[in-house]
Amino acid sequence: MVWNMSEKNSNPADGRAAAKTVTRRDFVAAIGGIGIGAILAGAGVSAFLVGDEVYAVEASGGYLLVDTKKCGACETCMLACSLAHSGRTNVNLSRLQLTKNPLGCFPLDVQQNQCRQCPYPSCVDACPTGAMHADPETGVRLVAEGKCIGCERCIEACPFTPSRVQWNYEDKCAQKCDLCLNTPYWDQEGGPCGKQACVEVCPMRAISFTRTIPRQSDEGYDVNLRNEHWAIIGFPIDDAGRVRPDVSVPTASVVPPQPADAAEEE
Amino acid sequence: MSQATGGFVGKILIIDLTNQTAETIDSEPYQQWGGGHGMGSALFWDYCEDKTVGPFDEGNVVTVCANPFSGTPVPSASARVEIQGIGSFADPEWFTRSSMGGRIAGMIKAAGYDAYVIKGKAPEKTWINIVNDEVEFHNADDLWGLDTAQTQETIWDYVTKGTPDGEWYTVGTTRDGGRTTQKPAVMCIGPTGENLGRTATITHDAGHHAGQSGLGAVWGSKNLKAVSFLGTGSVSVADPAALIDLRIEFQQKFAYNVDDPVLETPNPDAAVYGFITRHPGFNGIYWNARDMISRPYGCQGCFRNCRHNFDDGVGNGIMCAASLFYMSADNLKDQVRAADLQNKLGMNGFETSIISYCRNLYKMGVMGPGKEIESNLPFDKFGSWEFAEAFIKAIAYREDIGADLAEGSMRAVKKWGRWEEDSANGTFQYPQWGYFYHYDPRLEVEWSYASIMSERDVNEHGLNWHVHWMPMICSMVGEEPLISAEEMVNRLAASTTLDDPMCFDYSEEGIYSDATIEKVAWMRHYGRFWVQSMGMCDWLWPHLIEYASPTGDPTPATPDFEPRMYKAVTGIDITFEESLEMGKKIYLLDRAIWHMQGRHRDQEVFAEFVYSLPTSAPYPLPVFEDGRWTYGTCMDRVLDRDRFETVKDRFYEHEGWDVSTGCPTRAALESYDLGYVADTLEAAGALQKG
């Protein structure tokens, strides 16, 4: 499956077909963040023809990658996100939404739902006031809170589930991941040239940052960040998370063989 | 103590089951107790009008308290609630405590509450749905009989109106009521609690249990099946930037680097080494998780994530004793499956450990069909899934010998007429209050002394990881201890602030010393404040020795980090010494409640084997013998009955308790502004008991 984060677009074949029908809305709904960045990676600008319009958006200067099979479900990323941005902890107001079923089955029990800073940001496109925009300096997709009228079109436009744009019911405006560009309650410089709170606090190192536009698929954003050390402590390191760790890294490959004389004594 | 500017959300929910009503009170008057246990003891003191009632009496009160750290990124301290009330498990049935992690504490605060109190008894089977400031009482007939997983899944679906996993759910009727992608956090009981099994847990998510105090049966007696919280509110923090920086600093200094660890287990099959490295999933002690497929799964805010979620969902969250009780299983999966069933039926994993004792009785010809202790359980299939399932269900549904075991193992063994003999000869080692042997009460005495002078197995691992487990594990994998015994005691002396290495002398002389008494008191005071009142997980806190810091600096987190984190969250500047004084005050109040229940020092004696059965297996601990420190094997040791009584004399005096009765003195209580407690004790005649 090429993309499956949204139930609106569960069939990639349907998506490809829809992309050929050229109306903007259909195109956005069908394709989401797919394709354009891969096509124009390095160009700094995503520009393409949709129907009778030309649409141009700065590429984001950075992207969050996650490894959902490495996530420990501790929610620390969400606590740090809300704290850095608002000075309060609230998992519901975290820009990155970790969703989980404690009774579920690995690997589908946990999802790390991060904003993809889409090359073609339908949230930006949907905003009637320009509140949702690409930052001219960094390309990060941002909300200018003063311009937000609360229409929630950006939230509806996000092609992913759950929507990566959310309604901040405390501050009464839309909000989304800004790669920590605007974190008044954290002393570190954020954004594509700085640090991101979720990356810094993740104890499993299951979130990483890249300036390279990821391949526009689920797999492009949900990557394998696990190495042999992960298998040694008992967790799978293959991409699909289906191979027992003692197969990937056999104990005998880690424990040095006994000296010959010791073996003889036994 | 000054007023907190962060960490608390300001309200306590008072639930009256009898009248099916709820009200809120201001939490500010109780914030002086820190949160968690301290707050719970104070609430119990105020709300339980007759503290002499039994656990199943309508007058019993259960408190569930979060704390300022709940729902914040303070490492390994965000998740836990403290649950208190008169428990049904211990013998006698003391006012007691238990706790659980997961994501419950943060959700309670997100709903707007620092704590909740349960009074009375529901007239019908009931569950309670709390969504922010809305509290609904529901009939629980349809939930009664469901296991803990089924109960939670049913409630999740009801509360979110069937919203699929991972979608936004709008709380309330307008968008400003809040939105969430999170499932409600539910505390519930399983069939064991419904059937008033004294070994019943209160359970949350997959493997989070308040298990050791019989509070699940208390909920059952109140007709209370579940309490669900869904909250969308925020928690203010006094200094957000400082807190984030502290979290990052902590991880940089003390976290296991999963990509490139400084210290890695020398043998992947020895998962127990994780006790030292604290790697993710390290609770998979003794069983080899490398044969299975899983992820690490942690409580909210943790930096280690010590549990597992498996690819078939069976055994999610199991840990420690709950994962070990059926080690005799024919295969690993059945061991995990048995633990999973036990969790779903809502029973304490330590109590099901009696499975081995029962098998011994069967092999002795005492238990079985037509035997002295009648049982038709399939003991001939011991090790099979069939036997495990029959044994666990027998307890949950009070069938066969399970009818006796549901009363607690010690009560069962007494009923079977075997207590005197088996407790003396070591066949049945339950050293105090009906609780199991956890660590050797003859040797690791801060654990046993603290337990007998409290009300349950204390279950605080802060010292235990180092003094016992580190040298033990190293010997198991054929390595020398990571640090010498002398270095260990010196490091512990510094990080505890006790400044005396002799506090950690477990020799035959050392365990009766004044220095040991200082250590036991330190453990009680630290535990009461930081572990139980601030919800800091005892699988990390206190953090007394660092073996493999990525920075190369061996300085541990304790005693530096706790006050810094407390200040970042609450805005209150507290010294480590002041925090220990808070712990002492809380312990004093608990002690007063026990004496309201009739406690007397004469009750504080161990089971016979502790005094008369010599240790017979190596049990490494630091000892100072012949002028030098070593890790002793501590063989052939018993606890001297008379010398232990002198320990009690000195410990009571140290804590401000009357030496003849063990009751807190008026002077001690008044010195901690607890004169009103002294008045009540005096009115009850407790202060005069000699």
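**Chain A, overall.** I began with burial in chain A: of its 266 residues, 55% count as buried. Buried here means 20 or more other C-beta atoms within 10 Å of a residue's own, with C-beta atoms placed from the backbone; 12 or fewer is exposed, and in between is partly exposed. I am working from a predicted model, where local features need pLDDT of at least 70 and side-chain atom pairs count only at pLDDT 80 or more, while totals for chains, interfaces and linings use all residues. Residues are numbered from 1 along each chain as its sequence is written, and chains are lettered from A and ligands numbered from 1 in the order in which they are written.

I then looked up the elements of chain A and found 12 helices and 11 strands. These are DSSP runs numbered from the N terminus (helices H or I, at least four residues; strands E, at least two). Next came contacts, meaning C-beta atoms, placed from the backbone, within 7 Å. Among contacts in chain A with a separation of 6 or more, 55% are between residues 24 or more positions apart.

**Strand E5(A).** I checked which way the side chains point. Gln97(A) and Thr99(A) point one way from strand E5 (residues 97–100) of chain A, Leu98(A) and Lys100(A) the other way, and all are buried. In a regular strand the side chains alternate between the two faces of the sheet. E5(A) pairs with strand E6 (residues 110–113) of chain A, antiparallel, over 4 bridges. Pairing requires at least two DSSP bridges between the strands. Lys100(A) sits opposite Val110(A) in E6(A).

**Sheet in chain B.** I traced an open sheet of 6 strands with mixed pairing, in the order E8-E7-E14-E11-E12-E13. Strands E8 (134–139) and E13 (208–210) of chain B are at the edges with a single partner strand each, so one side of each has no neighbour in the sheet. Neighbouring strands are turned by 15° against each other on average, direction ignored. Strand E11 (residues 185–188) and strand E14 (residues 224–230) of chain B run antiparallel, joined by 4 bridges. In that pair, Val186(B) is opposite Ser228(B). Helix H3 (residues 148–159) of chain B packs on the sheet, touching E7, E11, E12 and E14 of chain B.

**Where A meets B.** I looked up the interface: 72 residues of chain B contact 62 residues of chain A. On the chain B side, H6(B) gives the largest share, 8 residues. That side has 27 nonpolar, 25 polar and 20 charged residues. The classes are: Ala, Val, Leu, Ile, Met, Phe, Trp, Tyr, Cys and Pro nonpolar; Asp, Glu, Lys and Arg charged; the others, Gly among them, polar.

A strand pair also spans the chains. Strand E4 (residues 88–89) of chain A pairs antiparallel with E15(B) over 2 bridges. Here Arg88(A) is opposite Ser236(B).

Then I checked the helices. Helix H4 (residues 76–86) of chain A packs on H6(B) at about 145°, axes 9 Å apart. Axes are lines fitted to C-alpha atoms, for helices over the stretch in contact, and angles run from 0 to 180 degrees between N-to-C directions. Ala80(A), Leu83(A) and Ala84(A) meet Pro240(B), Leu243(B), Ile244(B) and Arg247(B).

Technical notes:
Contact = placed C-beta atoms within 7 Å.
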